[in-house]
Amino acid sequence: MSGLSRAATIAAPPATSGPEAGLTPGEVVKLHALRRMKLIATGLLVLMALIFAVSFALQGRYPWLQYVRAASEGGMVGALADWFAVSALFRHPFGLKIPHTAIIPTRKNEIGASLGEFVEENFLSEAVVREKLASVGVSRVVGSWLATPKNAKRLTDELASAAQGAMALLSDDDIRTVIEGLARTHLVDRDWSPEIGSLAEKIVASGHHHLAVDLLIDRAEEWLARNPEAFTELVSKRLPSWIPSFVDRIVDERVYYEALKFVQAVQHDPNHRLRLALDDYLRQLATDLQHDPVMRDRLEAAKAQLIDDPRLREIASLAWQSLKDALVSSLANPDSPLRHTAESTFIDTGLRLQTDALLASKVDAWVANAAAHLVANYRHDIAAVISETVERWDGAETSQKIELQVGKDLQFIRINGTVVGSLAGLAIFTVAQALLALAG
């Protein structure tokens, strides 16, 4: 073995074994404290036994030692009785399978069930939960926590990390499939004609469509005014080639000015025949969409053709990828506007919860109702976690865990039993001696 290997072997801490195996650091500390208390309690028992032996041997020579003997005798009895009672909880004393000993390891399932039932009845009741939440003031506590900038930043960082992890786990193909499925369910498979017709009817009746018509007419007038050559070129292409060029120019200019004049007339006359005709057309279209099967079938066919267009699928795929890249970039950047907005939103929400009594009362009521609903419907399942966990434990393991939690205090029972037994033995012997003296 090399020097380095020997050094590593020497430096490595020994593996935990024996009673400390499988214990947490906190449980190891409790185990050491329990051992110290056991030594103290056992030491008192040994001390009582020594005092008893000495006083018993010398009481003939020194009669007053009878009182010491009685006290030490009572102390031994009390110590032994309490040692037996405490030990019988966790194991068979001296390994003897005396009835009603090793109670915890042999009845752990009943203890776990009783503990779960106790928690369910006394802690998981709707009244207890509502009373506790009312005393805590959830909105006030949460509002105070959120209003602190460092807490808002911490929450934003945690949510950003969780969102990044979720985005990394998401499959693009699965997302596209889900989006396509939702689109088909809510867009393709559903007949939108009646809703669209009803909406169009309301828009036309209210006159809101005039804003869109005005916008289109204004843009048409602007385009004609700025692009006369483009318009005349479009007209020239549709004239016969045998027409002389000077006639061609006259026709182009005439058509252009007539078109511009017509558009300007429509633009300035709210009651122009084109506007009225367009209103009539839109009203009829709205009616047909609601009641004409032919029109509804045409709209559904156009919708299906649009959805099934591969180019639309490609656009949707690119849109999802762009959105995903933007989200990932914003979530990863601590100084991104998205994260700053989230932080400010959390802080603002916290301040509102502290200052807006109506909002705070609504939040408290919602939390109380949600908690009460959970308790009312799942209290048995929650409490069952305790009993099921105890059932899975080994009997010896259960006994060890419980003894580590309460064993130190139980050793005080042994100490108290020793002291009380000594006082009781002394008192009984004293009273007996007094009665003998009175009788004599």
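Tutor: We begin with a term: a nonpolar core is a set of buried Ala, Val, Leu, Ile, Met, Phe, Trp, Tyr and Cys residues joined through side-chain atoms within 4.5 Å. Please keep in mind that the model is predicted.

Student: Which element gives the largest share of the largest nonpolar core?

Tutor: The largest nonpolar core has 8 residues, namely Val213, Ile217, Leu224, Phe231, Tyr256, Leu260, Val263 and Val266. Two or more of these residues come from each of α11 (209-226) and α13 (245-268). The largest share, 4 residues, is given by α13.

Student: How many residues has the other core, which lies apart from it?

Tutor: Leu124, Val129, Ala371 and Ala383 are among the residues of this other core.

Student: Is serine 193 buried or exposed?

Tutor: Serine 193 has its place in helix α10, residues 193-206. Not counting residues up to four places away in sequence, serine 193 touches Leu289, Arg296, Leu299 and Glu300. Buried means under 20% relative accessible area. Because the relative accessibility of serine 193 is 0%, this residue counts as buried.

Student: How far apart in space are glutamate 110 and glutamate 391, C-alpha to C-alpha?

Tutor: Glutamate 110 belongs to helix α5, residues 108-122, and is partly exposed, with a relative accessible area of 40%. In sequence, glutamate 110 and glutamate 391 are 281 residues apart. In space, C-alpha to C-alpha, the separation of glutamate 110 and glutamate 391 is 8.9 Å.

Technical notes:
Residues are numbered from 1 along each chain as its sequence is written. This is a predicted model: local features need pLDDT of at least 70, side-chain atom pairs count only at pLDDT 80 or more; totals for chains, interfaces and linings use all residues. Side-chain values use heavy atoms; hydrogens and water are left out. Buried means under 20% relative accessible area, exposed over 50%, partly exposed in between (1.4 Å probe, protein chains only). Contact means heavy atoms within 4.5 Å.
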